[in-house]
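User: I should like to learn how to read the features of a structural model. Please give the general idea first and then the case at hand.

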Amino acid sequence: MYLFLTKLIQHEFTDKQISDGLFWGFLSGVLGGRLGYVLFYNFEYYISHPLEILMTWNGGMSIHGGMIG
């Protein structure tokens, strides 16, 4: 995907801008997906167990949270 994007928009952006955009897009999607799951599905549980928010292997992610992120 990275190579496709660099060829597609090479005349408008530098390689660093493209890689930075992909990194931040991926990170915000993952964090948004996890926070969306926490807020939309199991908010009461995670309020009483706040450290479990970081334990992604015990929970899930939501697609709408990832899209918002």
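The dialogue below takes the features one at a time.

Analyst: This is a predicted model, in which local features need pLDDT of at least 70 and side-chain atom pairs count only at pLDDT 80 or more, while totals for chains, interfaces and linings use all residues. Residues are numbered from 1 along each chain as its sequence is written, and side-chain values use heavy atoms, with hydrogens and water left out.

User: What does the chain average in pLDDT, and where is confidence lowest and highest?

Analyst: The term pLDDT denotes the predictor's confidence in each residue, from 0 to 100. Where pLDDT is low, the predicted coordinates should not be read in detail. Here the chain averages 83, and 88% of the residues score at least 70. Confidence is lowest in helix H1 (residues 2-8), with a mean of 70, and highest in H3, at 91.

User: How many helices and strands are there in the chain?

Analyst: Helices (H or I, at least four residues) and strands (E, at least two) are DSSP runs, numbered from the N terminus. The chain holds four helices and zero strands, giving the pattern α-α-α-α along the sequence.

User: What share of the residues is buried?

Analyst: A residue is buried under 20% relative accessible area, exposed over 50%, and partly exposed in between (1.4 Å probe, protein chains only). Of the 69 residues in the chain, 19% are buried.

User: Is serine 62 buried or exposed, and which residues does it touch?

Analyst: Serine 62 lies in the loop between H3 and H4 and is counted as buried because its relative accessibility is 5%. A contact means heavy atoms within 4.5 Å. Leaving aside residues up to four places away in sequence, serine 62 touches Gly33, Gly36, Tyr37, Phe40 and Tyr41. Its side chain also reaches the backbone nitrogen of tyrosine 37 at 3.4 Å.

User: Which residues make the nonpolar surface patch?

Analyst: Patches are made of residues with over 30% relative accessible area and no salt bridge; like charges are joined within 9 Å, and nonpolar side chains (Val, Leu, Ile, Met, Phe, Trp, Tyr) within 5 Å. Accessible areas come from the Shrake-Rupley method with a 1.4 Å probe, and for residues only the protein chains shown count as cover. In this model Leu35, Leu39, Phe40, Tyr41, Phe43, Ile47 and Ile68 form a nonpolar patch of about 770 Å². Helix H2 (15-40) and helix H3 (43-48) each supply at least two of its residues, and H2 gives the largest share, three residues. Tyrosine 41 sits in the loop between H2 and H3; it is classed as exposed because its relative accessible area is 51%.

User: How many salt bridges are there, and which residues form a salt bridge?

Analyst: A salt bridge is a side-chain nitrogen of Lys or Arg within 4 Å of a carboxyl oxygen of Asp or Glu. By this rule there is one salt bridge. Aspartate 20 pairs with lysine 16, their closest N and O atoms being 3.0 Å apart. Both residues lie in helix H2, four residues apart, about one turn of the helix. Aspartate 20 is partly exposed because its relative accessibility is 31%, whereas lysine 16 is exposed because its value is 56%.

User: Where is methionine 67 found, and is it buried or exposed?

Analyst: Methionine 67 belongs to helix H4 (residues 63-68) and counts as exposed because its relative accessibility is 68%. The C-alpha atoms of methionine 67 and valine 30 are separated by 9.4 Å, although these residues are 37 apart along the chain.

Notes:
Polar contact = N/O pair within 3.5 Å; in protein donor to acceptor, adjacent residues only side chain to side chain.
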